[in-house]
Amino acid sequence: MARYKETDYNQLRMIPLSLENQLEPGTLEYAIHYIVEERLDLSIFNERYNNDDTGRKAIDPKVLLKIILFAYSRGMLSSRPIERACHENVTFMALSCCQKPDHSTIAAFVSSMGKEIEEMFTRVLLICEEEGLLGNTHFSLDGLKLSSNASKEWSGTFSDLEKKKEKLKEKVTEAIKEHRLADRADGEENTNIRKQQEKRIHHLKQKADRIEEFLSSNEPRIGSTGKEIQSNVTDNESAKMATSHGVVQGYNANAMVDEKHQVIVHAEAFGKGEDGSSMEPMLKGAKENLEAIGIEEPLKGKTVSADTGYFSITNLEECNKYEVDAYIPDPQFRKRDIRFENAGRHRRSVDKRHEKYKSKKRWFSTEDFNYDDRTGKLICPAGNELYVRSRKFESKGHKAIIYQAPKKACVDCELRAKCLRKPDKTESRQVAIFYGKRPGSITDLMKEKIDTPEGRKTYSKRLGIVEPVFGNIRANKRMDKLTLRGKLKVNIQWMLYCIVHNIEKICKYGRSYSLQGI
């Protein structure tokens, strides 16, 4: 007969536990503990407490900050898992000194540190500078689009939301009719149906009232083009954004990263998906942060790189304003790169007819016409020559040459339907060829700069500077969504994650932190 060791759950065991020994030098939790305890001045939180003489003693902000930073390093975004970890996890117990803050205390602390977060971020950045982690030569900018604590189903223009409210009211009317019919019938089954219908009516009324209240207390959002963009009833500062994994309702979390050890020098979240106007606040924030830690003229003459999403006249003007050496390519720069000249050959073998790569445009564009250097004329796709109609055409400050095809060439052309958008009204095709180098054009200057071997080499560094930062935050730290609402609170959460990232850099590469502990 098999024999097993006896188990007695009524026995009492005393387990010796030293909190200090749980925080071993060289670990991230020890770095968080030491930096918060010894290097950060958290007296800035004192003014929010009024319990000097009376009232219950509050949990020390140092304790709350330690467990929040460590929780974010473990991918815990919600306050409830953090509360549970303080009861169950020995490392959390050591950081909190066995105090057990509830989830409401943790959530309130995170969402209320609007004034203090910037000072803490700057203080951690100062430690990075003291440890020699900042190169201050090349900064790279990029953004991470994160879904927020808001549903995209509650988005729309004011007219869309008005229509949605009316549809909800119609559903309420229909539900009330069904409820009255159920009232006439007897039986236990009909009683349950009536209760379900009452809940449904109440729920639909709540939705309709919520939209009506939002429309009465808010103004339509206006985009950069001057037209109305979609609002969101749940979080009106967020926006719909297209990502590689679909459209999300959220924020665009930007970070300016130093080249030497990928330390984040400024972080800010924006409630818009496009980056065409994000350069100014990011350069301004980075400049202020670096000046606050004692670096004079931190951006003047320094290299700043960003991807094609930041290519805009507004951003390029801001780069000139801050006197940075910017490398921001236009969306078509790879087509001009000789290294990608034969990229069309490398297609997937499963796409035998290359249908995935075929152009979906309906009409011929300027790229389909060829210029003849010998005659100075433009050749259309059908092989006919176009003559110069005007050399003084100008559109929005850009000069161009207008070419036009002879009427006889277009009358019986087989490609007429694909060349002319209105073949029944237009007699012949016109094409505007803009001058390649427009005097004073900052966009043309940037294109010319990127197309040089040095420009391509400098820009290629961007991938190794900023992308690993987002890989670490999103994949390793599991920051794939935001749990708060409103730009102010979202920005706090984003900056806390960036602080964790920078502390991890201090722990790994800091001279006095990585070699022998702290």
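Me: Which elements each supply at least two residues of the lining of the second largest pocket?

Reply: A pocket is an open set of points on a 1 Å grid over the protein atoms alone, with protein on both sides within 12 Å along at least five of seven lines, and lining residues have an atom within 4 Å of a point. Helices (H or I, at least four residues) and strands (E, at least two) are DSSP runs, numbered from the N terminus. Here the elements are α6 (116–130), β8 (264–270), α9 (279–292) and α17 (487–509). Helix α17 gives the largest share, five residues.

Me: What should I know about the model itself?

Reply: It is a predicted model: local features need pLDDT of at least 70, side-chain atom pairs count only at pLDDT 80 or more, and totals for chains, interfaces and linings use all residues. Residues are numbered from 1 along each chain as its sequence is written, and side-chain values use heavy atoms, with hydrogens and water left out.

Me: What volume does the second largest pocket have, and which residues are closest to its centre?

Reply: A volume is the space filled by probe spheres set on the grid points, which are joined across faces, edges and corners. For this pocket the volume is about 260 Å³. The lining has 17 residues, with Glu118, His266, Ala267, Asn491 and Met495 closest to the centre.

Me: How does the lining of that pocket divide by class?

Reply: Ala, Val, Leu, Ile, Met, Phe, Trp, Tyr, Cys and Pro count as nonpolar, Asp, Glu, Lys and Arg as charged, and the others, Gly among them, as polar. The pocket lining has seven nonpolar, six polar and four charged residues.

Me: Is threonine 458 buried or exposed?

Reply: Buried means under 20% relative accessible area, exposed over 50%, and partly exposed in between (1.4 Å probe, protein chains only). Threonine 458 has 18%, so this residue is buried. Threonine 458 lies in helix α15 (residues 453–460).

How values were computed. 1 Å grid on protein atoms, 1.4 Å probe; cavity = no way out; pocket = protein on both sides within 12 Å on 5 of 7 lines; lining within 4 Å.
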